[in-house]
Amino acid sequence: QVQVAESGGGLVQPGGSLRLSCAASGRTFSRGTVGWFRQAPRQEREFVSALSWGGGGYNTHYADGLKGRSTISRDKDTNAVYLQMNSLRPENTAAYYCTVDNSRLILSSLWDGEHYDHWGQGTQVTVSS
């Protein structure tokens with residue numbers, strides 16, 4: 001049974017930074033995809049970023065609104081995945097969820113949360129002065 005846990009959320013002022021962490025326990029993946037999604041009150045869940053790996057390589061993907069302000073990375077030794085978010089704005093306020101799939105999702109699939117197998121409980125990010 002894979003368990004996913006996020007951490008690193010909190011309150012930050014506009015223009016500030018946060019680093020979210022995602023840890024998956026219960027299994028070691030030789031290939032896979034870790035995605036970050038977020039959901040603000042009264043809004044639909046939306047894709048934030050993803051990292052897929054396998055076969056000796058990896059790819060990273062970002063939603064258009066976060067390109068240039070976010071970096072997703074993975075620690076191969078621990079399987080932890082990090083999402084560094086910079087220049088945060090009030091509209092980035094949401095619950096951020098980490099999700100894991102044990103396959104290297106293709107580009108057309110990783111944007112859709114329905115393709116992921118395991119989800120964390122979420123971590124709240126609030127951007128406010």
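Which residue in β3 stands opposite Glu-6? Select Glu-6 and look across: Cys-22 faces it there.

Before going on, a note on the model. It is predicted, with residues numbered from 1 along each chain as its sequence is written. Local features need pLDDT of at least 70 and side-chain atom pairs pLDDT 80 or more, totals for chains, interfaces and linings use all residues, and side-chain values use heavy atoms, without hydrogens or water.

**Stop 1: the open sheet**

Select β1, β3, β8 and β7. In that order they form an open sheet of 4 strands, with antiparallel pairing. Strands are DSSP runs of E, at least two residues, numbered from the N terminus. Two of them pair if DSSP finds at least two bridges between them. The edge strands, β1 (3-7) and β7 (70-74), each pair on one side only.

Now zoom in on β1 and β3 (residues 18-25). The two run antiparallel, joined by 5 bridges. Gln-3 stands opposite Ser-25. Move across to β8 (residues 81-85), which also pairs with β3 over 5 bridges. Here Ser-21 has Tyr-82 as its bridge partner. Stay on Tyr-82: Arg-19 lies over its face, 4.1 Å from the ring centre. For such a charge over a ring, NZ of Lys or CZ of Arg must be within 6 Å of the ring centre and within 35 degrees of the ring normal.

**Stop 2: the largest nonpolar core**

Select Trp-36 and Tyr-96. Of the 27 residues in the largest nonpolar core, these two touch the most other members. Such a core is a set of buried Ala, Val, Leu, Ile, Met, Phe, Trp, Tyr and Cys residues joined through side-chain atoms within 4.5 Å. Buried means under 20% relative accessible area, exposed over 50%, and partly exposed in between (1.4 Å probe, protein chains only). Show what surrounds Tyr-96: its contacts (heavy atoms within 4.5 Å) include Glu-6, Leu-20, Trp-36 and Met-85.

**Stop 3: Phe-37 and its rings**

Is Phe-37 buried or exposed? It is buried, at 2% relative accessible area. Phe-37 lies in β4 and Trp-119 in β10, so the pair ties together parts 82 residues apart in sequence.

Conventions
Lists of a residue's contacts leave out its neighbours within four places in sequence.
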